[in-house]
Amino acid sequence: MREAATAPYSTGMLGNDDPGERDRLESIQRSVDIFTRNVIDGLPVQASWNCLELGAGAGSIAYWLATRCPAGRVVAVDIDTRLLDAGRAANLEVQEADITQHDYAPGSFDLIHARYLFCHLPDRDEMIARAVGWLSPGGWLVVEEPYDLPPGTSPFPLVQRILTAYQHTHRQHGADMTWARGLPALLARNALTEVAFAGNLGCMGGLAKDRWRPLIERAAPALLASGLVSDADLGAFTELLEDPTFVDIPQMTISAWGRREGGDGETG
Ligand SMILES: C[S@@+](CC[C@H](N)C(=O)[O-])C[C@H]1O[C@@H](n2cnc3c(N)ncnc32)[C@H](O)[C@@H]1O
């Protein structure tokens with residue numbers, strides 16, 4: 001029996017017991033992996049780096065880091081590793097652990113990356129401080145989190161209802177989908193230098209019509225339980241995704257990064 005410290009992953013709203021979770025995670029990967037890779041490629045990545053991928057999910061970024069740092073190693077940690085393939089690369093280590101309980105030796109990693117993890121964690125700010133402690137001198141922390149846009153500003157009344165329910169259920173299950181805005185300041189307060197950030201606008205419908213389908217399907221029981229949407233709304237939403245004129249911007253991803261002082265990797 002897995003002990004999940006984080007609410008959505010312990011209440012069953014999210015988690016790998018549902019066969020739809022792989023679809024949801026792969027949909028996330030398809031929509032943001034390019035953005036994430038661009039952010040990390042902007043850092044002075046060395047082939048010998050030791051990397052830690054926190055909350056690795058279905059693994060795409062951990063696998064990519066393993067090819068990016070062939071002379072180093074990548075530790076991919078998740079509270080549930082059933083969707084991770086430990087045999088994917090010789091320099092990849094898959095660890096099953098609750099990151100809020102697990103610890104690493106100070107100064108272990110040249111790069112620590114997390115995406116869509118901290119929003120689900122209790123004591124997020126303290127977790128950032130712990131992750132900073134695991135960085136080697138000169139090492140980089142990259143954190144990418146969702147920032148929900150106000151549902152009432154959607155031009156589609158149905159989307160207003162769906163997103164109101166979606167955001168409400170995430171809050172009810174302990175997630176904070178606006179915490180990302182404070183990330184740059186939080187990294188700076190944790191004594192990281194060269195703090196910078198970028199954003200990636202999410203797309204619902206349009207060319208990414210299959211992006212949100214798995215997310216809403218996966219959340220459907222919780223959305224219906226909230227009483228804020230009906231079965232008919234969810235059916236109408238599925239139809240709306242097929243409408244070639246439907247396109248909306250439900251949220252953005254904020255990526256923020258910073259570097260621990262020291263080491264010989266001073267960058268200009
Ligand atoms: C929304 S998914 C994101 C997956 C991946 N980072 C991505 O962006 O494609 C969040 C991941 O964090 C993991 N997770 C949640 N709480 C965790 C914890 N306390 N310790 C380790 N992993 C956790 C979940 O199992 C899940 O795989």
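Student: To start with Pro106, is this residue buried or exposed?
Tutor: Pro106 is exposed, because it has 10 other C-beta atoms within 10 Å, and a residue with 12 or fewer counts as exposed. Please keep in mind that the model is predicted.

Student: Where does Pro106 lie?
Tutor: Pro106 belongs to the loop that runs between strand 3 (92–96) and strand 4 (109–115).

Student: And which residues is Pro106 in contact with, leaving aside neighbours within four places in sequence?
Tutor: With those neighbours set aside, Pro106 is in contact with Gly133 and Trp134. Gly133 is 27 residues away from Pro106 along the chain, yet their C-alpha atoms are separated by 5.4 Å.

Student: What about the loop between strand 4 and helix 4: which residue there has a phi of about 55°?
Tutor: That is Tyr116, whose phi is positive although the residue is not a glycine. Tyr116 sits in the loop between strand 4 and helix 4 (124–133). Tyr116 counts as partly exposed because 19 C-beta neighbours lie inside 10 Å, and 20 or more would be needed for a buried residue.

Student: What is the phi of Asp123?
Tutor: Asp123 has a positive phi of about 50°, and it is not a glycine. Asp123 is likewise in the loop between strand 4 and helix 4.

Student: Why does Asp123 count as exposed?
Tutor: Asp123 counts as exposed because it has 12 C-beta neighbours inside 10 Å, and 12 or fewer is the condition for that class.

Student: Changing topic, how many residues surround the ligand?
Tutor: The ligand is surrounded by 21 residues. The closest are Gly55, Gly57, Ile79, Ile99 and Arg115.

Student: How does that shell divide by class?
Tutor: The shell around the ligand holds 11 nonpolar residues, six polar ones and four charged ones.

Student: Which element gives the most to the shell?
Tutor: Helix 2 gives the most, with three residues. Helix 2 (20–41) and strand 2 (73–78) each supply at least two residues of this shell.

Student: Now to helix 5: how many residues does it have?
Tutor: Helix 5 covers residues 157–172 and has 16 residues. From the first C-alpha to the last, helix 5 reaches 22 Å, close to the 22 Å expected at 1.5 Å a residue. Gly174 follows helix 5 and has a positive phi, near 90°.

Student: Which residues of helix 5 are buried?
Tutor: The buried residues of helix 5 are Val159, Ile162, Leu163, Ala165, Tyr166, Gln167, Thr169 and His170.

Student: And what covers them?
Tutor: The cover over the buried residues of helix 5 includes strand 5 (135–148), helix 7 (213–225), helix 8 (231–241) and strand 8 (247–248).

Student: At what angle do helix 5 and helix 7 pack?
Tutor: Helix 5 and helix 7 pack at an angle of about 75°, and their axes are 10 Å apart. The two helices are therefore roughly perpendicular to each other. On the side of helix 5 the contact is made by Ile162, Ala165, Tyr166 and Thr169, and on the side of helix 7 by Ile216, Ala219, Ala222 and Leu223. By class, this contact has seven nonpolar residues, one polar residue and no charged residues.

Student: And helix 7 with helix 8, at what angle do they pack?
Tutor: Helix 7 and helix 8 pack at about 170°, with axes 11 Å apart. This pair is therefore roughly antiparallel. Arg213, Ile216, Ala220 and Leu224 of helix 7 make the contact with Asp231, Leu234, Phe237 and Leu241 of helix 8. These residues divide into six nonpolar, no polar and two charged.

Methods:
Residues are numbered from 1 along each chain as its sequence is written. This is a predicted model: local features need pLDDT of at least 70, side-chain atom pairs count only at pLDDT 80 or more; totals for chains, interfaces and linings use all residues. Helices (H or I, at least four residues) and strands (E, at least two) are DSSP runs, numbered from the N terminus. The expected span of a helix is 1.5 Å times one less than its number of residues. Two residues are in contact if their C-beta atoms, placed from the backbone, lie within 7 Å. A residue is near a molecule or strand if its C-beta atom, placed from the backbone, lies within 6 Å of it. Ala, Val, Leu, Ile, Met, Phe, Trp, Tyr, Cys and Pro count as nonpolar, Asp, Glu, Lys and Arg as charged, and the others, Gly among them, as polar. Axes are lines fitted to C-alpha atoms, for helices over the stretch in contact, and angles run from 0 to 180 degrees between N-to-C directions. Angles under 35 degrees count as roughly parallel, over 145 as roughly antiparallel, 65 to 115 as roughly perpendicular and the rest as oblique.
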